Amino acid sequence: MSHHYTLHYFAVLREQAGCREEQLISEAITPDALYAEVRARHGFTLDAAFLRVAINDVFADWHAPLRTGDSIVFIPPVAGG
Amino acid sequence: MTVQHTNEVSAAFEFRLSEEAIDVPAEQATLADPGAGGYVAFEGWVRDHNEGQRVLRLAYEAYPRLAIAEGRRILQEAQQRFGLKSARCIHRTGLLDIGGLAVWVGVSAPHRGEAFAACRYIIDEVKHRVPLWKQEFYADGASGWVNCERCATAPSVPAPATPHQHEHEHAHVHPHAHGNQASLPNYARQEALPGVGTAGQARLAAARVLIIGCGGLGVPAATYLAGAGIGSLTLVDPDVLEPTNLPRQVAYAAADCGQAKALLLAERLRTLNPRVGLHTHVAAADAALLELLVPRHDVVVDCTDRLAVKFAINDAAQRHGIPAVLASVHQYEGQLQVVRPGGSCLRCVWPQAPRDGLVGNCAEAGVLGPVPGLLGTWQAFEVLRLLLRLEASRDGVLTVDLLGGQTRFLHAPRAPECSSAHGCVRLPANSASAEPLELPDLRAALDRGLCIVDVRNADEAAANPLAVPHQHLPMDRLLQDLGQLPPAAGWLFVCARGLRSSAVAAACREAGHATAYSLAGGAGN
């Protein structure tokens, strides 16, 4: 079964994806599966271990269940100052 | 001398630096005053030992412009507090032998009580606040720089009578001490705000804020906080001003390159708001300094560009129950997090404590001035929100994307293991390692027979190739599989500034390669 998600990328992910936001139809039902899918497509260099995911603007577990229509943010830490 | 004219220090009140030996009888003679009932003097001498080391002689070096300004300010304070007739302090610079007179303080007052107290006040404040550095020459032929006493480096030593208390009295008891009213900030516009008022303004004047990092974030954060009338600001930064700082660190002057940023920013802020008590530490915010400073402040502001320091600040703030305002930028984006006692903290968001080098800093990723400018300004706002007890901030990370014109607040619930006292203060398991991760130069690596690996991108490596035999393996590729490392007794990783290479070396150590090192400071671009 396919689900419809809105994905948001930050920092180096935005650079590597070439966009800050995209709509996606996916079979994935957890953030880790979804990240693996978009990582393969965009060539993200960062492993999920270095990132956090937020579902509908709340930080969440990589194995949390996703529902169609969810807004998902993948975010790496940033350090510049 | 009347309070209205205290901007001018008369001849009876003098602070001076001297390359020459101090002429004590001549200095003492200037203290005479028909209204004085006596004088008290203090002499500081060079002693032959310090912290177990035998000292043969020492040299004092000053930052004259700021040293003299700070010294004069201390004399003014002493005059106002103790009603002195006169006060003088002469501090030596240059080389001194054992027994040499390093500093002389003399005060005269109508009564002995004030004279003793004022003399003590002046020498304590001078030793704590005036930017002077001491180079000690030891019996074993070595020498060491001792940071001025203001940068108290030994956390085990109880903090001296806190200087901010003096500053506060100075600011509140003598609000007109620095000349006429017109030349001082008037807080009427902010006091007019609902939620501020004179009560809020008094809270700001009583507050002590610690700002770590005087760069792209620290400059706007500190500037707005000084303008708002924070009672006491402590500025910490180990670096000197560099030309690459100027496009975004806009409080500085190009002519001041090479000078310590913490001192320059303090001087700049003093011109903005002479009421603010300013304290500086030209030092890296290591665990010892944080342990000393954090509990003496009401809010900590993280304006650094190192993840390791951000975590150390987060941990110290949590440990002492002090709120912290953290921010970072990456290219056209920024992240901001307010960490409150009992709320979620940096480790609740990043339980893995990512390493520096993986995410890039301003030097590697690039930055446009207004991005840290906005985030640093936002940090100042969050500090004011906390101090004024305005509508409380939420637990989580505010992301700002200037290019996309978007902000987004990501709510971060407090992690279950983040108990109010201990959960987040556990140090990451990989933080302690007996063997240093960095080597100072390529020679040290060649002496150890290490294989040198350049982890910069291909274009960086081509633009500035290493002059010694080496392998090239960009970090991104290498981290995907450490099995690509060339067989060797050990490796020295090299990047442009030493951040990426230390991340790679740390990853190798974690994978069991004990002989992985990083070139300190990198090879340049």
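1. What pattern does chain A follow, read along the sequence? Chain A runs β-α-β-α-β-β-β, and its secondary structure comes to 2 helices and 5 strands, where helices (H or I, at least four residues) and strands (E, at least two) are DSSP runs numbered from the N terminus.

2. This is a predicted model, in which local features need pLDDT of at least 70 and side-chain atom pairs count only at pLDDT 80 or more, whereas totals for chains, interfaces and linings use all residues. Residues are numbered from 1 along each chain as its sequence is written, and chains are lettered from A and ligands numbered from 1 in the order in which they are written.

3. Of the 81 residues of chain A, 41% count as buried; a residue is buried if 20 or more other C-beta atoms lie within 10 Å of its own, exposed if 12 or fewer, and partly exposed in between, with C-beta atoms placed from the backbone. Among contacts in chain A with a separation of 6 or more, 58% join residues 24 or more positions apart, a contact being two residues whose C-beta atoms, placed from the backbone, lie within 7 Å.

4. Where the two chains meet, chain A contributes 20 residues and chain B 36 residues. On the side of chain A that touches chain B, the elements giving two or more residues are α1 (11-17), β3 (52-55), β4 (58-60) and β5 (71-75). That side has 14 nonpolar, 3 polar and 3 charged residues, counting Ala, Val, Leu, Ile, Met, Phe, Trp, Tyr, Cys and Pro as nonpolar, Asp, Glu, Lys and Arg as charged, and the others, Gly among them, as polar.

5. The largest nonpolar core has 129 residues, and those with the most contacts inside it include Ile211(B), Ala222(B) and Val301(B); such a core is a set of buried Ala, Val, Leu, Ile, Met, Phe, Trp, Tyr and Cys residues joined through C-beta atoms within 7 Å. Helix α13 (residues 370-388) of chain B gives the most to this core, with 9 residues. Leaving aside neighbours within four places in sequence, Val301(B) is in contact with several residues, including Ile211(B), Ala221(B), Gln379(B) and Val383(B).

6. Helix α7 (residues 218-228) of chain B packs with α13(B) at an angle of about 40°, their axes 7 Å apart; axes are lines fitted to C-alpha atoms, for helices over the stretch in contact, and angles run from 0 to 180 degrees between N-to-C directions. Residues of α7(B) in this contact include Ala221(B) and Tyr224(B), while those of α13(B) include Gln379(B) and Val383(B). The residues of this contact divide into 9 nonpolar, 5 polar and no charged.
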